[in-house]
Amino acid sequence: MSSFRVKGGLKLKGEITPQGAKNEALQILCAVLLTKEDITIHKIPNIRDVNKLIELLADMGVKVDKVGPESYQFNAANVDLDYLDSAKFLTKASALRGSVMILGPLLARFGKGKISKPGGDKIGRRRLDTHFVGFQKLGAKFHYDDKQEIYNIDGKKLQGAYMLLDEASVTGTANILMAAVMAEGKTSIYNAACEPYLQQLCDMLNRMGAKITGVGSNLLHIEGVKELGGTEHTLLPDMIEIGSFIGLAAMTQSEITIKNAQIHRLGIIPDTFKRMGIKLEFRGDDIHIPAQKHYEIETFIDGSILTVADAIWPGFTPDLLSIVLVTATQAKGTVLVHQKMFESRLFFVDKLIDMGAQIILCDPHRATVIGLDRKYPLKGIRMTSPDIRAGVSLLIAALSAEGTSVIDNVEQIDRGYQYIDQRLNALGADIVRID
């Protein structure tokens, strides 16, 4: 287990370029299984979850060639379906939640799929019903072995169908979409997720020969085709990294420019941080955050306390609520953070309270943060990262605190942020990795 030793109180300065989007990468990588032809993907982040999925694809028989610093070429002409029955496959797949999205491509191209119950962050219940109900609507047969925790899907002849999803699941929509692109007839997916990452997947599939309309809306129409071809694809910059860097700049009174942010794809993320009192300057496609000694949280029009809550796109992404929460601790004013989707994602606030933050954890879903305008700086402590997003929030807190902090279990942070210690040190941070 590795740790970060973080010296707090330093002001950072400089430019930083966000990595390719992790959540998009996991979908796009699974989509390479849909064709025998070459697919080249650019801006792939060098992070644990993505690297594990690439390794899993290679074990399945996908030819993987690194053709640039952040670029890979994949060819899935010779997928080894027998490997799906191996204990090694089931063990590797269970270690990565994103692996569930190989099922849709496997069903579309080979008519069957198998996977063990996937893991991932311990942030609350993350059911998979939407995926499997969608497959069943397409005519697949589903069996769950509860003793071995293995999902088996048989879909020898998928038929297009209309379906209304019970939740706008991003991974569920991606999985069903990839299964439907080669189903016979027309499929309509209502209450589909419409995040920029899903739009990117749809655009990529259409370049491969799929016939998907309604991209960007919550109603997708898919005309099944017999086969798909190769393509080239570039991932979006990671919006979660961008939001994290905005919060980091405010907390540490730093002047940071986020390069090539594709601002038009960020939805309400910039406006939400502006409501926290953080100044943002858009310079072309770069976001410049000037050094701010003070930032004040807005209230609602009637003067009541601001609430920041997560919602399906185009609402505020749940992955940035922890960043909003930690950023609010040094603001002037009060905010209620409402995490609707997951019931365990706010359980890192005890560490912030130990550092001196004024936070009331109302229940598993809500926390009230009382910002005291830097009158009482956070103090460095030893703490453990419980998941990816909470881990980065604690890192931001440590960078702003007085004294030195130690963050254990930083492998969790490595799952979502590439070389984060090196990249922040280049801006003037003092983060030492201890193995």
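Predicted model: local features only at pLDDT ≥ 70, side-chain atom pairs only at ≥ 80, totals over all residues.
Student: What are the ground rules here?

Tutor: Local features need pLDDT of at least 70, side-chain atom pairs count only at pLDDT 80 or more, and totals for chains, interfaces and linings use all residues. Residues are numbered from 1 along each chain as its sequence is written, and side-chain values use heavy atoms, with hydrogens and water left out.

Student: How many cavities of 30 Å³ or more does a search of the whole structure find?

Tutor: Rolling a probe the size of a water molecule over the atoms shows where empty space is left. A cavity is a set of points, on a 1 Å grid over the protein atoms alone, where a 1.4 Å probe fits but cannot get out. Points are joined across faces, edges and corners, and a volume is the space filled by probe spheres set on them. Here the search gives 3 cavities of 30 Å³ or more.

Student: Which residues line the largest cavity?

Tutor: Lining residues have an atom within 4 Å of a point. They are Ser244, Phe245, Leu248, Val392, Leu395, Ile396, Tyr417, Ile420 and Leu424. Helices H8 (239–251), H12 (388–400) and H14 (420–425) each give two or more of them. Helices are DSSP runs of H or I, at least four residues; strands are runs of E, at least two; both are numbered from the N terminus.

Student: Which face of strand S13 is covered, and which uncovered?

Tutor: In a regular strand the side chains alternate between the two faces of the sheet. S13 (residues 231–234) has Thr231 and His233 on its covered face, Glu232 and Thr234 on the uncovered one. Strands pair if DSSP finds at least two bridges between them. S13 pairs with S3 (residues 38–42) in the parallel sense, over 4 bridges.

Student: How many residues of helix H10 are buried?

Tutor: Buried means under 20% relative accessible area, exposed over 50%, partly exposed in between (1.4 Å probe, protein chains only). In H10 (residues 321–328), 8 of 8 residues are buried.

Student: What describes a pair of aromatic rings?

Tutor: The distance of the centres and the angle of the planes. Rings of Phe, Tyr and Trp (its six-membered ring) pair if their centres lie within 6.5 Å; planes under 30 degrees apart are stacked, over 60 edge-to-face, the rest tilted. This structure holds 8 aromatic pairs. Phe142 and Tyr151 are stacked, at 6.1 Å and 25°. Tyr144 and Tyr151 are stacked too, at 4.6 Å and 25°. Tyr151 is buried at 9%, while Tyr144 is partly exposed at 28%.

Notes:
1 Å grid on protein atoms, 1.4 Å probe; cavity = no way out; pocket = protein on both sides within 12 Å on 5 of 7 lines; lining within 4 Å.
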